[in-house]
Amino acid sequence: MAGLELSGKAAFVTGAASGIGAAVVARLLEEGARVVGFDRAASGAASGGGSSASAVRVIAGDVTKSAEVAAALQAARAELGRLEVVVHCAGVTDDAVVWKLDDARWRRVVETNLDGSFHVVRAAIPLLRAEGGGSIVLIASILGLRGGFGSSSYAASKAGVIALAKSAAAEAGAFGVRVNAVAPGYIQTPMTASLPPAITEMARQAAALGRLGEAGEVADAILFLASPLSRYVTGTCLRVDGGQCMGY
Ligand code: NAI
């Protein structure tokens, strides 16, 4: 992909240690951006993104802790000198039918996926505004659009992420800050690796493209939303699902 105009841009990526977040880090570096990561599984460097990604510092922290998120964003800006792109990939799932979810399981998913997104958006907007604008990309899911069996906490949290992105976009647009979400379908990452083969096969059959997605394919869509190529795009939710969930 040429001409993304991300060269030299300063970016902060959560969930940088695995899956889609690691792929975003790798693609940003390929495009010449400068990146600081954030992950509770941080071992000091992003993994899974090739040799260049291992050069990126990943701050250890938990997105459910608002102070840790705010401090990490400040540290990233101090390290990079400015901040223009924030991509929030950290998330978890914990599937069970709704009547079998206890409070702790429900809260862990909603706190990570929805409260975590709130913590990132709230801390990032003033920093991007100070630069005259920027782009925030949140990760929802097609389950946040249509729900899904065994996915009540996850789907509810991701529906909230979409509404959060739209509301924050309405509020921050006047400052040149864009806020968008992507809604991936079933993507092959460590998150989905332990799902039953029957679920995997159902997702593959649902995809108009006849296959499951890869982390790098979601990363490419995220890079479009992070880049100036999408400068008139805000408050949207872009499905990246190979046609698994058409009609939403
Ligand atoms: P993954 O499990 O490979 O990576 C998630 C990363 O988030 C891990 O590095 C983990 O350590 C980090 N993380 C989790 N909780 C955290 C916390 N409290 N604080 C800081 N870091 C935390 O998963 P994957 O697939 O890369 O998922 C990335 C995002 O994409 C998630 O938001 C997920 O919900 C979303 N997504 C994934 C889909 C898939 O099929 N893989 C489909 C739709 C959405």
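Alanine 226 is buried, with a relative accessible area of 6%. This value, like the others below, comes from a predicted model. Alanine 226 belongs to helix 8, which covers residues 215–226.

Leucine 114 is 43 residues from alanine 71 in sequence, and the C-alpha atoms of the pair are 19 Å apart in space.

Glycine 176 sits in the loop that links helix 6 to strand 6, the latter made up of residues 177–184. With 36% relative accessibility, glycine 176 is partly exposed. Between glycine 176 and isoleucine 125 there are 51 residues of sequence separation and a C-alpha to C-alpha distance of 9.9 Å. Glutamate 5, for its part, is found in the segment that precedes strand 1 (10–14). The backbone of glutamate 5 deserves a glance: its phi is positive, at about 60°, although the residue is not a glycine. Glutamate 5 is also partly exposed, and its relative accessible area is 49%; the residue therefore stays in that class, as exposed would require a value over 50%.

Attention now turns to the ligand. The space that the ligand takes up is the largest pocket. A shell of 29 residues surrounds the ligand, and the closest are Ser18, Asp39, Tyr154, Ile187 and Thr189. By class, the shell is made up of 15 nonpolar, 10 polar and 4 charged residues. Helix 1 (19–30) and helix 6 (152–172) each contribute at least two residues to this shell.

On the backbone side, a polar atom of isoleucine 20 is 2.8 Å from an oxygen atom of the ligand, and a backbone N or O atom of glycine 185 is 3.4 Å from a ligand oxygen atom. On the side-chain side, aspartate 62 places a polar atom 2.8 Å from a nitrogen atom of the ligand. The ligand taken alone exposes 830 Å², and the protein buries 94% of that area.

Methods. Residues are numbered from 1 along each chain as its sequence is written. This is a predicted model: local features need pLDDT of at least 70, side-chain atom pairs count only at pLDDT 80 or more; totals for chains, interfaces and linings use all residues. Side-chain values use heavy atoms; hydrogens and water are left out. A residue is near a molecule or strand if one of its heavy atoms lies within 4 Å of it. A polar contact is a pair of N or O atoms within 3.5 Å; within protein, one must be able to donate a hydrogen and the other to accept it, and residues adjacent in sequence count only if both atoms are side-chain atoms. Accessible areas come from the Shrake-Rupley method with a 1.4 Å probe; for residues, only the protein chains shown count as cover. On a 1 Å grid over the protein atoms alone, a cavity is a set of points where a 1.4 Å probe fits but cannot get out, and a pocket is an open set with protein on both sides within 12 Å along at least five of seven lines; lining residues have an atom within 4 Å of a point. A molecule sits in a cavity or pocket if more than half of its atoms lie within 2 Å of its grid points. Helices (H or I, at least four residues) and strands (E, at least two) are DSSP runs, numbered from the N terminus. Ala, Val, Leu, Ile, Met, Phe, Trp, Tyr, Cys and Pro count as nonpolar, Asp, Glu, Lys and Arg as charged, and the others, Gly among them, as polar. Buried means under 20% relative accessible area, exposed over 50%, partly exposed in between (1.4 Å probe, protein chains only).
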